[in-house]
Each structure stands twice: as C-alpha cells, then as structure tokens.
Amino acid sequence: MHNLILHTLLLTLTSPALAQEAPTLITKQAQDAPALLWNARTAEHLINRAGFGARPDEVDAAVAMGMEAYVDSLFVIKEMQVPLDPADRLSGKDGMKATERDRLREVRDEGMASEEMLEAANDKRRAMRRSDKQQLEDYTVWWFDTMISGGDPLRDRMTLFWHGLLTSSMQDVKSSYQMIEQNHLLRNGALGDYKSLLIGIAKNPAMLEYLDNDENKKDAPNENFAREVMELFTLGEGNYTEEDVREAARAFTGWRSRSSEYSFSKRQHDNGKKTFLGVKGRHDGEDILNILLEQEQCGDYVAGRIISYLEGVTPSAERQAAYGQLFYESGYDIEGLLRTLFVDPDFYRDEVVGTRVAGPVDYLVGSARRLELLPPRDWLLSGSRLLGQRLFHPPSVKGWDGGMAWITTASLMQRGNLAGILVGEVDPKDVASRELEEFDEMDAMDEMDEMGTMEDASKQKARGVKLGELGGLKKMRGKWSPTLGLSREVGRVATSADAVDKLLDLLLAVDAGEDTRTYLVDEYDKKCREAGLSSRNKRNGRKREAVLTSMAHLILSLPEAQLN
Amino acid sequence: MTMDKHTTGQKAIDRRTLLRGFGALGALTFASRKGLAASLQVAPGLRPDAGSGTLVILQFSGGNDGLSMIVPHGDDAYYDVRPTIAHKPGDVHKIDDYRGFNPNLTALAKRYQSGEVAVIEGCGYEDPSKSHFKSMEIWHAADRDGRAAGEGWVGRLSSAVWKKAVDPNRIVHVGATTPYSLESEHHPAASFVFPEGYRWLGNEGGLGSYEESDGTPKDSGSGSTLDALRGAYSAARESSSAVRKAALAYRPRVEYPNSGIGLALGTAAALIQGGIGSRIISVELGGFDTHNKQLTRHNGVMTELDEALAAFHADLKGTDRGEDTTLMAFSEFGRRVAENGSKGTDHGTAGPMLVLGKGVKGGIYGKHPSLTKLDNGNLIHTTDFRQVYSEVAAQIFGVESKELFGKQYKHLGFLPS
C-alpha cells in the first residue's frame, strides 16, 4: 500500500511554482487505519466505481488477484482500437459552409435561384447532417460497447467523468468530428496530468466553439470561456472576482478554431497589461491557465470533483484538502490521485459503498454487463437520452448534476421500462407511445432546413430534444428477443430463497434488505404458481427461464437497483 | 388489499418525507437551515387559507436579456451601448415613451393592453452572482446562500401551506430535470416530460406489492439514498395514474405550437383542467445564454415564448380553473448592458419578471434600473425578487413572506386581494 502511495509522488514537476517541496503523504488516517480488507464487498465496490457493473465472476477473480494486482491492472495501458477515424468524414457543418449558404440565400432573395437549385442545396445539407448525426451515434455506440465489454474500464470511467466536467455539446458545436476529437483528447488524457488536459481543452476546437472563445475579440471580449474555466474547470465559484473574469477574457482573445484546428489570431489578441489573481503582466491565455494551475485552490477543487464523482458523497473539507494537496504537489497527476484513492480505506467506508445513485449510463451499462448482453444500439442511444444522460449533449456547461438529480418520478419508471425492454419483457412500442411514434427527429431537422437558418430553427430544437429521444425505441420494435440464460446462471437451487439470492447477487450492487428479499421470494413463488411450476420442481427449462426473466425485470425496477 | 387505509397513507407520507431532502451532493443538513424549521411551525387551527388557484412558474434558463424583452426604446444610452443588437423604436410594441415589448412579443403586448400582464422591472438581489448555477440556486432557494440554505422556496411554501399533508399531484414539473426550487423535505414533485409514457410497463402489479409489503426504511441497510429512492418510487406510483389520465383525456381548445415550451404549457393546461389538485406547475424555456448572435437567437426564443403563452392563454380563457391560474416568469440574471464583440452580451444582473393572469392588475411595477449608473457595466437591481415571490405566496396561497423569507416584504399590488 505504501508503495502505491509513493508512486504518486515520482513525478516531473514542470511548473516552477509547483515547488518540489517535501511531499506530504496523503491522509494520516490512510497510514494509521487498519489494513484495508480486500474481499467481495470491497472488490465489487472498486469494480463498480472504477469501471461499471461488477459481475459475480469478476468480483471473484478480482479477490483472487489481490488488491495491489487488481489496482495495477486498471492502469495498464491497453491497446485499444478506436474503430472510427473521424478524419475520414466531414461534418454536417462542412456540408454547406456559411458563405455558400449566404450566397444561396442572397440569390434566392433576388429571385435568381431556381427552386431546383435550392432544393438540391437543401438535399445536400440534409444528407450531410444525417451523416454527421450518424457518425456521432456510431461513436457513442462504440463507447457504450467498450464500457459494456469492459476492455479498459477505468479509462472509460474517467473519460465519462471528464466528458461531464470539461464538457461540450453537439447542440452548439454542430460537428461530430470536433465532438469525437474532443473525446479522444479526454480519453487519451483521462489518467494523465490535469495540466495538459486543461491546456488541451482550452485549445480544443469544440470547446472554443462551445464556450464562444472562438468569438472572443480584442475590442469587445466575450467572457463566456474565461468565466467557466474558473468556475467549473479550476477554482470553483467564489474563488475569483468579476475583475478576474474580465482580465482573463482579455487574455484569451484571439484563441479560435479554424477548420477544426486551434489557431491564434494576433490581430484579435489583446496584448495589453492585465492583472489576474493579483499577478500583473501581458498575460495570454496560457499564462492565465498557468496562474490558475499555480493556485492551491485548483488542486483542491479538481480533486474534490474527482472524489465526489467516484465516492458519490461530497468529501469533508479535510479529506478534500488532503487530496487537493496531494494532487497539487504531484503536478496534477491523475493516475497518482486515483491510485491513492483506490487503496484508501475511507473509499470503502459505509457512507460510500452501495449508496451512489447509478447515473443513466451506469444503470444501462451495468444492467447489460450483469446480464452479459450487448444491447441494440437504439436501446442505448434512446435509453440514455430518455433517462437524462445523452452523451455528447450535456444539458449545460456544468455537465450532468448526478446523485438524486438523476431521479425524477418519471425517470424511475423509465428505468424499469428500459430494463423490461432489455430482458425482452416489454415491447418498446409501449414505451414510445402512439402519439410519439409519428415523430421522427430527422423530420424536425428537415423542417429546420426549410426554415433556412439554424438560428430560426432554434425553436424547433426543443421539440427535437424532447420528442426525439423516443424515436429510436420505435425502430427497435419486435427485433430484440435476447437469450438471458438465467436458468443456467441461477443453476440448481434447493429453495425459492436460494433462487432469489442468486438473482440478487447477479443484478444488484447492494445487499437487498430482509424485507425486500422476503417480498421477492413471495413474488417468485407467485410467478412460479402462475406459470404452473410447482414449488419443488423448478427446473422446467423454458417456463423457469420465463419466470426468472420476469423476476430480473422486477428486480431491476426496484429502488435498490438504482444504487451502485 | 385489506390494509388499513389510514396506516398505509401514513407510511407513505413518512417515506416521502425523506424524498427530496437529498440534493445532488448528498444529504443536506437541515439542522443548518437558519431556523427555518422553527418558522414553519404554525399552530394548529391557524392554517392559512390555501386558496384554490394554480401557480405556473416559468423559468427562462441561461440569463434572459431583459433589455431585449422589455426594450427601453426611449433611452439613448441603450442605443449607445448596443450598436448592433438594439431593437429600433419603430419595431417595439410600445408600452409608453420609455419602454416597449420585444417586436416578437405581439400577443403578449396585446394582452398587456387588456390589463392582465404585470411587468416588474429591475428584479434582482444584493451582491449578484454572475454564475448561471449559483444565481439560479439563489432564485430557487430565495436565499443568497443558494442551496446551502436548505429547501427550495416552493418546498418551503408547500410545507407552510400544506404541512405534512402530501399530495403527489400537487407540485409538478413538466420537464426533464426538476429545478431546485421544488426541492422539499415533505412535498416531492412529480416530474415528467411526456405524460403518455408516465407509467410502469409489465410488472406494475409486482411493484405494487413491493411498496405495500416493504417495511420502514430503517431496514434498508443502505441508508438515506435508498430511502430517498423509495420516496420517489412511492410518489411515482401515486401520481402516475392521475397525471396520465388527466393528460390523455384533455382536449385543448387550441393547437399548441410544436415547441418544448408549447408542449409543456399544453400539459400544464391539462393538469389544471383535469382538476387533479395540481397547484404549482413548473416549466422551463432555455436558449437565453446569448453570448453571440443575440438578436436572432433572442428573437427566436421570444417568438417561441409568445406563441406558447398565447396558446396557453387562449386555451384557459373563460374557464373557472383557467382564470384562477397565475403565471410568473423569471430568469437567473439579466445580461450586461453593453454588447460584446460577438454581437451578444455577457452575464449581467437584474432583469424584469412577468406575472400574467386574469386576477393580475396589469401594468409596470418597480423602477427601471438606470442604464448609465451601473455597477461594473451591470444594472443595479431596484426590486428584490423575493418581494415578487412574497406577493404571489400571500395572494395565492395565503402565506406571509415573513414565514417564508424571514422578512416582511411590501406588496407591489400586481395581485390585488
């Protein structure tokens, strides 16, 4: 354990301000605490949080490996084939560049463009937008499949975290190429150092467009990025002044995105003197980022975000400060922070284990992993959207709120319904109700085209967002009848209670309480009776499988199944 | 089921009391709530008159540029600092020599003439935050400390009016994410986007027995999060049928526009006319964070707003429940007075609130903030937004502001008794 802790400190410190002081070992408690027990409980917890949805056989394997070896395995660099090369394809935005569009609109207004010309231009744009949407969906499904297969769980987990923190939305960026390219940046840097990640994201074309720095000009700066980089990426609200926001905005002038690449416009950059967080100079954007990284508060804030995410509980000020200091002094080494956290007994305290509300991606991926299913793409795409976590479309620059904010009365029901579809118990068309079946997101997009501009079409956007989420479920109707093999999974059992326990072990991340267990045994017996299975003879293949499948749906719909 | 009705109801309430006590960041410490709990203790028999009207809260998310909604066309300073995004005096729907409605708020301007629209100018608070999230929290909690102060203001209002008598249909959010204003220790909000899909499929029966056989949360072994989930689960079961039926049975008298806000207000109308006891309905309109291309973008949202409000008004007009409905609109902040270099505006401070309804005494309330005497380029608020909340709480729900906000705010008079 001590070796692991020390590992985190063997780092190259690049910034002069991050002085090479004698490192403070993380929490004293971590050293003083009794040795961390590595058992099924702790192993399952680590798999759930460092990755997704632990299966009983994975828990057994991790326990057998031992903690140190298992933690090491999470950080081994995996050769991962990212099957999509976004450079191969253009984005919808490139389908018709603004100038071309303006030119066409002009000739149309002058009555010089024929109906056919406009129609052809619209067709082209529509086709490009379709392929753009398709490309991002393909990538999203690839990412889901990777999470479900579990080839590189920690990298997937942290990429998901960074996607929520250093976030951008397709809604505004409107280029699948840029969105995917941003995801590659987050994925490659997910376990590296935060300094590189921060500078990378600040110059990332999707981010430059998402937070408008692309339009941040010398004469009248746009403060959007300058504010959010402090509020959300480095210091947290309340740790800077409005004057700092204005000064930082000046420093970032001229940073823009051109042809999906970062470019610097000297002409638009304000080279004047600035005072930022008390530091005077002719700061440019990188100076601002470096000054931010030199603040101990930055270590504290970012470490706090990481810990809150992985533990599902806001850390105490002391705990956050201890990790913040470690993070800061290590030169923002993400791997080091995680290695320390994963062997910290406090990471396994009762307040943390099995008490986090599973986010939609966790719920969907976890359920699929536990049932060993690679679900249909429309279930993943529509399901995550229906539950409120549409990847590459965060609701705001703050990403997704998480915790109990995932749960509304409606989302709780839809989780159960999506589980029902996954196990083949619920017909997707019943979730996508009749009124909504007629809706197709593509139609809304086409309407936008008719309206001429994306801006005019913004009012159509809301409709697309709200109704489009069910479109995919409609498409998958009747095409999904999975083989769960639950009879085999549960095996021969002596009593109904044994069968229920097997299912609970397989499907839940938490121990069900005695009441819930009793209730499920009753339900199991009831279902057996209805299916004509005697309580003794429960080995009748197909009928037994049907009962177990129905039980799996029920269990995944319970409040207990929303925890991990 | 032979279960004693009273016992079942009681248990459900107990479980629900735990529902919304947990924010995104884990358990809130209600002990730290500035003595709120104490102020909510109203002696039995002194229960205020809860009335019967419905309040619709419309949230403009992203920071609405108030100067583009209620345009100060009579102020040269407005044209000086907004060379490319100002609305020309000839385009606005004039209210008076100084101000007018956005050119796209045609129906709203017309309704203003009929005296059913109150515009409360310069709403904000001391030491304004320019963070979307912090400022939104402040408006939601009605407290400068945001969610650190405890429940949302609607949650507090609900406890003051209905004590622990919970009705799962009473507080509804039509939208994906429930706003913090509805965060409540006792009164969970039902929340959905599509009423049609608001149900469990396949195992409703089995889920029903879970609820009834399930013991008290102390057996959960998993502590508070599970209890909160069980509360949401109960609320979902209890609200789903009534809400879905009300929405599906409803035949609006007009066609609502096919926008998110249009559909949400259509659903709100269904809940109001369905008579299922929905008293506070929350809806949201986004798209206000206009750092660039503001003129086109903001005009688009204004058009969307105007069409949706017009449909909602036409649908409810002349009906008892419809005329007993008041709509209040707000945003987390207004925007910078001067435009930026991207034909947009950055985060600012004060902005106008709107209150609409048959019972509203229309007109201009408060004082327009000066466009020249600024705080770092930002408007200085002239009305504390809690003053507006207070009047709404008192006149619709019979709760005095001292009980809610610890301070007696003077009514502006837009909701006469």
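Start by selecting helix 9 and helix 11 of chain A: the angle between their axes puts them in the oblique class, so the two helices are oblique to each other. The model on screen is a predicted one.

**Stop 1: two helices in chain A**

Helix 9 covers residues 153–165 and helix 11 covers residues 176–189. Their axes are 8 Å apart, and the packing angle is about 125°. Those two values are what to look for, since two packed helices are described by the angle between their axes and the distance between the axes. The crossing of helix 9 and helix 11 of chain A is right-handed. To see where they touch, show the side chains of Arg155(A), Thr159(A), Trp162(A) and His163(A) in helix 9. Across from them, in helix 11, are Asn183(A), Leu186(A) and Arg187(A).

**Stop 2: a second pair in chain A**

Next select residues 496–507, which are helix 29 of chain A, and residues 514–530, which are helix 30. The axes come within 9 Å and cross at roughly 115°. Helix 29 and helix 30 of chain A are therefore roughly perpendicular to each other. This crossing is right-handed. On the helix 29 side, the contacts come from Ser496(A), Ala497(A), Ala499(A) and Val500(A). They meet residues of helix 30 that include Arg517(A), Leu520(A) and Tyr524(A).

**Stop 3: helix 31 of chain A**

Move on to residues 541–557, the 17 residues of helix 31. From first C-alpha to last, helix 31 reaches 24 Å, close to the 24 Å expected at 1.5 Å a residue. Which residues of helix 31 of chain A are buried? Among them are Val547(A), Met551(A), His553(A) and Ser557(A).

**Stop 4: where the chains touch**

Show both chains together. In this contact, 70 residues of chain B meet 68 residues of chain A. On chain B, helix 9 (224–249) is one of the elements that supply at least two residues each, and so are helix 6 (132–141) and helix 11 (294–316). Helix 9 of chain B gives the most to this side, with 11 residues.

**Stop 5: strand 12 of chain B**

Select residues 351–357 of chain B, which form strand 12. Is strand 12 of chain B largely enclosed or open? 7 of its 7 residues are buried, so the strand is largely enclosed by the rest of the structure. Strand 12 pairs with strand 7 (residues 117–124) of chain B through 5 bridges, and the two run antiparallel. In that pairing Val117(B) stands opposite Leu356(B). Strand 11 (residues 325–331) of chain B also pairs with strand 12 in the antiparallel sense, over 4 bridges. Here Thr326(B) has Gly357(B) as its bridge partner.

**Stop 6: a three-stranded sheet**

Still in chain B, find the open sheet of 3 strands with the order 4-6-5 and antiparallel pairing. Its edge strands are strand 4 (70–71) and strand 5 (93–94), each of which pairs on one side only. Strand 4 is joined to strand 6 (residues 100–101) by 2 bridges.

**Stop 7: two loop residues**

Finish with Lys163(B), in the loop between helix 7 (153–162) and strand 8 (171–174) of chain B. Lys163(B) has a positive phi of about 50° although it is not a glycine. With 15 other C-beta atoms within 10 Å, Lys163(B) is partly exposed. Asn376(B), in the loop between strand 13 (363–366) and strand 14 (383–384) of chain B, has a positive phi near 55°. Asn376(B) counts as exposed, with 12 C-beta neighbours inside 10 Å.

Key:
Residues numbered from 1 in each chain as written. Chains lettered and ligands numbered in written order. Predicted model: local features only at pLDDT ≥ 70, side-chain atom pairs only at ≥ 80, totals over all residues. Expected span 1.5 Å × (residues − 1). Buried ≥ 20, exposed ≤ 12 C-beta atoms within 10 Å, placed from the backbone. Pairing = 2+ DSSP bridges. Axes fitted to C-alpha atoms, helices over the stretch in contact; angles between N-to-C directions. Parallel < 35°, antiparallel > 145°, perpendicular 65-115°, else oblique. Left-handed = near helix turned anticlockwise from the far one by under 90°. Contact = placed C-beta atoms within 7 Å.
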